[in-house]
Amino acid sequence: MEAYKSFARVYDMFMDNTPYQEWCAYLVSLLREYGISDGILLDLGCGTGSMTELLSECGFDMIGVDGSEDMLEIAVEKRDESGSHILYLMQDMRELELYGTVRAVVSVCDCINYILEKEELVRVFSLVNNYLDPDGIFIFDCNTEYKYKTLLADRVIAENREDGSFIWENDYDEEERINEYDLTLFIKEGRQYSKYEEIHYQRCYTVGEITAALQKAGLELLRVYDAFTREEPREDSERICFVARERGKQKDRKGEYL
C-alpha cells in the first residue's frame, strides 16, 4: 500500500492544529543566523506545500520536492490559489536532482525518519550537500526514540470529523528501531464514506548516527536543538532539530558526484 496516497486527500484537515506559522518563524530565524534571508530554498519532502507557501511569503524562491504525486497535486492547487511561483518536483529524496544549487535546504515533519537504511541516509545527505551553495545550510528534524517508545508505541490514535475519520495504530520494534503506522481512513465521498488503508514506516536514528551520516556526506554538523528552541535535546525531547553546513562535494571513485 502506497503511503500518502489516500491520506493526501485529508492530510491538511487532520493537520490543521500544526503550528506552521510558528514553525516557519523558527526556521527563518535559524536561516538568518547564517546570513540566509533570501535566494533559492529547497523544501525537501514538502508534502501539500503548507510550509513551502509560508517560506515563499517570507521572500525565498522556493522549490518543493516530494515523492507523492497526490500530495503535490494539493500543493499545486495551493500555489494556484496564492499566485506564488513555487517550483514543485516529484522526486524520491534518495534520487534528488535539481537544475542548480540552492542557498539552503529544509526538511520538516520528520521526513528524514522515512529513510529506513543508514546507507540511504548517507545518500540523501550527500545529494543535499551536492546541491547546496558553498557554506549552504541544511536544517531538518527527526522524531526521537522517546517519542516512538513512550508516546507512540502500541498506541491507537483515532479522530472523527464530518468529512473524514482515521484510526492510526502504532507498533515500534525496539530492536530494529522501526515504527510501523497502520492507517485506516474513512473519507466522505458524496453521501457515503469510503475506507482506505495505508502503511507507513519510520526509522529512529540516534544523534550519533545522524552525525556520522552527515560527516560521511561531507556536511558539517553545527547545532542540535530540542525542536522549536535553542536548547540542547532532553531525554524527553519528542523532536530534534539539526543544523548542518555544506563542506565540499562528495565524489565516487569515478570522480562523479554522489
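Where is the place of Asp135? Asp135 sits in strand E5 of this predicted model, and its phi is positive, near 65°, although the residue is not glycine. The model contains 17 salt bridges, and one network of salt bridges with shared partners joins Asp135, Glu220, Arg245 and Arg247.

**Salt bridges**

- The count of salt bridges, taken as a side-chain nitrogen of Lys or Arg within 4 Å of a carboxyl oxygen of Asp or Glu, comes to 17.
- Glu174 forms a salt bridge with Lys149, and the closest N and O atoms are 3.7 Å apart. Here too the pair links distant parts of the chain: Glu174 is in the loop between strand E7 (164-173) and strand E8 (178-189), while Lys149 is in helix H6 (residues 145-152), 25 residues apart.
- Lys149 counts as partly exposed, at 39% relative accessibility.
- Arg245 and Glu220 form a salt bridge whose closest N and O atoms are 3.3 Å apart. Because Arg245 lies in strand E11 and Glu220 in strand E10 (residues 219-226), the pair ties together parts that are 25 residues apart in sequence.
- Glu220 is partly exposed, with a relative accessible area of 29%. Through shared partners, salt bridges join Glu220 and Arg245 with Asp135 and Arg247 into one network.
- Asp135, a member of this network, is partly exposed, with a relative accessible area of 44%.

- Helix H2 (residues 20-33) has 14 residues, which should span 20 Å at 1.5 Å a residue; the end C-alpha atoms are 20 Å apart, so the two values agree.
- The buried residues in H2 are Tyr20, Trp23, Cys24, Tyr26, Leu27, Val28, Leu30 and Leu31.
- An α-helix has 3.6 residues a turn, so residues three or four places apart point the same way.
- H5 is largely enclosed by the rest of the structure, because 10 of its 14 residues are buried. The buried residues in H5 are Leu121, Val122, Val124, Phe125, Ser126, Leu127, Val128, Asn129, Asn130 and Tyr131.

**Backbone positions with positive phi**

- Most residues other than glycine have a negative phi.
- Asp135 has a positive phi, near 65°, and lies in strand E5.
- Asp154 is a further residue other than glycine with a positive phi, near 60°. Its place is the loop between H6 and strand E6 (156-160).
- With a relative accessible area of 63%, Asp154 is exposed.
- Gly35, which follows H2, has a positive phi near 75°.

**Negative surface patch**

- Glu69, Glu73, Glu77, Asp80 and Glu81 form a negative surface patch.
- Asp80, one of the patch residues, is located in helix H4 (residues 69-82).
- Asp80 counts as exposed because its relative accessibility is 56%, where exposed means over 50%.

**Cysteines in loops**

- Cys46 is found in the loop between strand E1 (39-44) and H3. At 7% relative accessibility, Cys46 counts as buried.
- Cys46 and Phe166 are 120 residues apart in sequence, and their C-alpha atoms are 22 Å apart in space.
- Cys58 lies in the loop between helix H3 (50-57) and strand E2 (60-66). Cys58 is partly exposed, with a relative accessible area of 32%.
- Cys58 and Ala25 are 33 residues apart in sequence and 9.1 Å apart in space, C-alpha to C-alpha.

Technical notes:
Residues are numbered from 1 along each chain as its sequence is written. This is a predicted model: local features need pLDDT of at least 70, side-chain atom pairs count only at pLDDT 80 or more; totals for chains, interfaces and linings use all residues. Side-chain values use heavy atoms; hydrogens and water are left out. Patches are made of residues with over 30% relative accessible area and no salt bridge: like charges are joined within 9 Å, nonpolar side chains (Val, Leu, Ile, Met, Phe, Trp, Tyr) within 5 Å. Accessible areas come from the Shrake-Rupley method with a 1.4 Å probe; for residues, only the protein chains shown count as cover. Lys and Arg count as positive and Asp and Glu as negative; His and the chain ends are not counted. The place of a charge is taken as NZ of Lys, CZ of Arg, CG of Asp or CD of Glu. Helices (H or I, at least four residues) and strands (E, at least two) are DSSP runs, numbered from the N terminus. Buried means under 20% relative accessible area, exposed over 50%, partly exposed in between (1.4 Å probe, protein chains only). The expected span of a helix is 1.5 Å times one less than its number of residues.
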